[in-house]
Amino acid sequence: MQDVLLNKVRQVFSGDLAIFGGPATDDATAGRLRAEQLAGVLRHSRGIMIANVCNALIFVVAECHTPDTGAAAVWAAMVIALVALVHLRQRQRRDLPKPQTVSERAVRRAVLYAFALGALWSAVPLLFFNSAPIGVQLVVACLCSGMLAGGAFGLGGIPIAALAFTGPIFISSAIAIGRSGDMTYMLVAALLVVYALVLLRTVFSYAIETASRLVAQFDAELRLRRDPLTELPNRLDFTESVEAAFARLARDRRPFTLLWLDLDSFKAINDRLGHTVGDEILVQAADRLRACVGIGDGLARLGGDEFAIIAADAASPEQAAAFARRIVEAFAQPFHIDGQEVMNTISIGLATAPADGDSPRTLLRSADIALYHAKGARGGSFRFFDATDHAFARERRAIEHDLGNALQRGEFRLVYQPILNLDDDRIVGFEALIRWHHPTRGLVGPVDFIPVAESTGMIRRIGDWVVEEACRAASAWPDAIRISVNFSAVQFRDPGIATRVKAAIAASGLAPGRFEVEVTETVLLSDDAAALEILLALSAEGVRVALDDFGTGYSSLSYLRKLPLHRVKIDRSFVQDLQTDLQNAAIVKSVIGLAADLGIETTAEGVETAEQLAFLRAHQCSEAQGYLIGRPVDATEATALLERQPRPAKASTTRASGKRTAKGKPKAHCD
Ligand code: C2E
Ligand code: MG
Ligand code: MG
């Protein structure tokens, strides 16, 4: 009981208004509210100081011809000393940014100062009023009224401080007036009590109203800054935290490290097991990260499966590496969701300020690049931004800049790589591959600029050009020859793509069945439904769809059923080690078999040796593509290749539900 009471008193003296009908708050909100209350009072501190000093001096002047002059001077010195002390304490904090949160102690200290000052002022009516001549009494009455009204409003931000200041003055004034025994003075005392009540009521109700408004505002702000799923700060909050970290860096010169984290197989899991499991993984991932970070570290969810941490205590590379290692290890254990175990490792990019970036923008970019390399390495690992990355970042920016004009300047060319049908050893089509003839860099390959074009959105215009150019070239080839065109996942986020592709095919006069769209599995990861709709629309027109680089990325056999597929292209990485890697050989065999069962053809990519070709042939792969068959060539050379082909032999194959018949050993006709 006593504890409860003590607690209430402590609460009241810490500025909590709940007991007076103000809003009930949790600790964090109460801290922010106190910060606002204190800031409201400090805003008037200069005025309060000047008023106190002036009034004290006026009182000394008024008392100078009375016997109390000495006592008045001592009193005034005490007032000025106290005011100066408070002012000096405040000056020390003047250059610091306004704190986000303030402790209960700080408010109690402010209340104590207010009480001390009020107590000093209460001495004026008590000690000097009754013995003073009428003129001085008038001055005292005016000074006390002024201090009461000014104090109540000046300290109104913390009503309990206003009460602590004005209370003693009210009481001592009432005592002094009452002590005189004069009826008129008694009336003044009664008036004083009424005014006091009105004044304090106004102060309290205004403070409660302000506090309620602030709490509602904090709530709204919190919702704006929180990720509702994981309850972590969101990107908006994080951006401000990075800015605050840079402000601290400028002040304390203590470096800090920024970690950019990305779950390695989240998209695939989300796709395979559904969004509910995906959400649960994010929640559990957030909990694991919370368990790894310290109090001063700013953890946030940036969106999707990306998180970030400002590691305030990881200033040295060793500390940062130890921290990142702890996180990577925390994700080495599987997640347990609905009785199933799901593995999802994490990759981390680290950048340290100011060495890797002297502004939020550059530091974030550095961490992003480091993450890109960490993911590229193998996932489930961390990587620091380093000097070579600076070159990488510069290079990327330069490419970004130059790409902007490359299309208008006609710097792109298409080359065509032949695809061999293993049934009759004839070229059945070409894959269009883009090349960039840069005026100073020379020939730039697609792997160096397509990712940049994708991230800037330039891929849309470049992709349209590729489709038109490929159709134009293919329209000069015989009717049986197909053209395969690569599409980026980003292109499928544009709902108009199907219409534009159909229009380009129609304009070139090509039969839609001769046009093949090559997509990778990432197409489906970004926006399943929309991408699928586009592919179905194209497929309905007769356009063929191939799944490129099968086996890399987020391979899921369910794509084979999900997509309107005509072909699977087995990635070069599987074909290359066919002879030495038994596992690869087994995968290739089963992909061919599975695709055949589903009525889907298979093209093996990157065939470089006769042994690889023999293996593919023996296992009934439909087509082969690679340097052994032919390197990519320009349109004229592609046409020449077709012209050099021997006439087609009489029907050598039959195909039923994708199954191939056995046949003899054909010979590749192109180099
Ligand atoms: P991809 O679609 O898998 O294309 C095959 C890549 O493998 C081509 O590289 C080709 O030159 C190379 N290649 C073919 N046979 C062999 C071989 O036997 N050995 C080796 N070592 N490599 C071989 P390229 O032209 O550098 O293209 C790389 C990737 O860039 C393509 O992979 C494709 O994903 C993308 N790409 C190319 N052109 C375009 C385009 O017009 N649009 C889009 N969005 N992406 C494109
Ligand atoms: Mg391709
Ligand atoms: Mg490929």
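Helices and strands here are DSSP runs, numbered from the N terminus, with a helix (H or I) holding at least four residues and a strand (E) at least two. The model is predicted.

## Backbone features in loops

Asp338 sits in the loop that joins β4 (335-337) to β5 (340-342). Its phi is positive, at about 50°, although Asp338 is not a glycine. With a relative accessible area of 72%, Asp338 is exposed. Arg253 also has a positive phi, near 60°, and is a residue other than glycine. The loop that holds Arg253 runs between α9 (235-252) and β1 (256-263). Arg253 is exposed, its relative accessible area being 65%.

Another loop, between β6 (346-353) and α13 (360-377), contains Pro354. The peptide bond leading from Ala353 to Pro354 is cis, and its omega is near 5°.

## Packing of α6 and α8

Helix α6 covers residues 134-154 and helix α8 covers residues 183-225. The two pack with their axes 9 Å apart, at an angle of about 15°. Angles under 35 degrees count as roughly parallel, and α6 and α8 are therefore roughly parallel to each other. The crossing of α6 past α8 is right-handed.

## A nonpolar surface patch

Four residues, Leu126, Leu127, Ile171 and Ile175, make up a nonpolar patch on the surface. Together they have about 370 Å² of accessible area. Helices α5 (104-129) and α7 (159-179) are the elements that give two or more residues to this patch.

Leu127 belongs to helix α5. Its relative accessibility is 58%, and Leu127 therefore counts as exposed, the cut-off for exposed being over 50%.

## Salt bridges

The structure contains 27 salt bridges. One of them pairs Lys375 with Asp264, whose closest N and O atoms are 3.0 Å apart. Lys375 is in helix α13, while Asp264 is in the loop between β1 and α10 (266-273), so this pair ties together parts that lie 111 residues apart in sequence. Lys375 is partly exposed, with a relative accessible area of 28%, whereas Asp264 is buried, at 13%.

A salt bridge also joins the side chains of Arg460 and Asp494, with an N to O distance of 3.4 Å. Arg460 lies in helix α16 (residues 459-474) and Asp494 in the loop between β11 (482-486) and α17 (497-508); the two are 34 residues apart, and the pair links distant parts of the chain. Arg460 is partly exposed, with a relative accessible area of 42%. Asp494 is buried, with a value of 12%.

The side chains of Asp464 and Arg500 form a salt bridge, 2.8 Å from N to O. Because Asp464 is in helix α16 and Arg500 in helix α17, the pair ties together parts 36 residues apart in sequence. Asp464 is buried, having a relative accessible area of 17%. Arg500 counts as partly exposed, with 24% relative accessibility.

Six residues, Arg482, Glu516, Arg544, Arg567, Glu601 and Glu623, are joined into one network by salt bridges that share partners.

Terms used
Residues numbered from 1 in each chain as written. Chains lettered and ligands numbered in written order. Predicted model: local features only at pLDDT ≥ 70, side-chain atom pairs only at ≥ 80, totals over all residues. Heavy atoms only, no water. Patch = residues over 30% accessible without salt bridge, like charges linked within 9 Å, V, L, I, M, F, W, Y side chains within 5 Å. Areas by Shrake-Rupley, 256 points an atom, 1.4 Å probe, with all protein chains shown as cover. Buried < 20%, exposed > 50% of the residue type's maximum accessible area, 1.4 Å probe, protein only. Axes fitted to C-alpha atoms, helices over the stretch in contact; angles between N-to-C directions. Parallel < 35°, antiparallel > 145°, perpendicular 65-115°, else oblique. Left-handed = near helix turned anticlockwise from the far one by under 90°.
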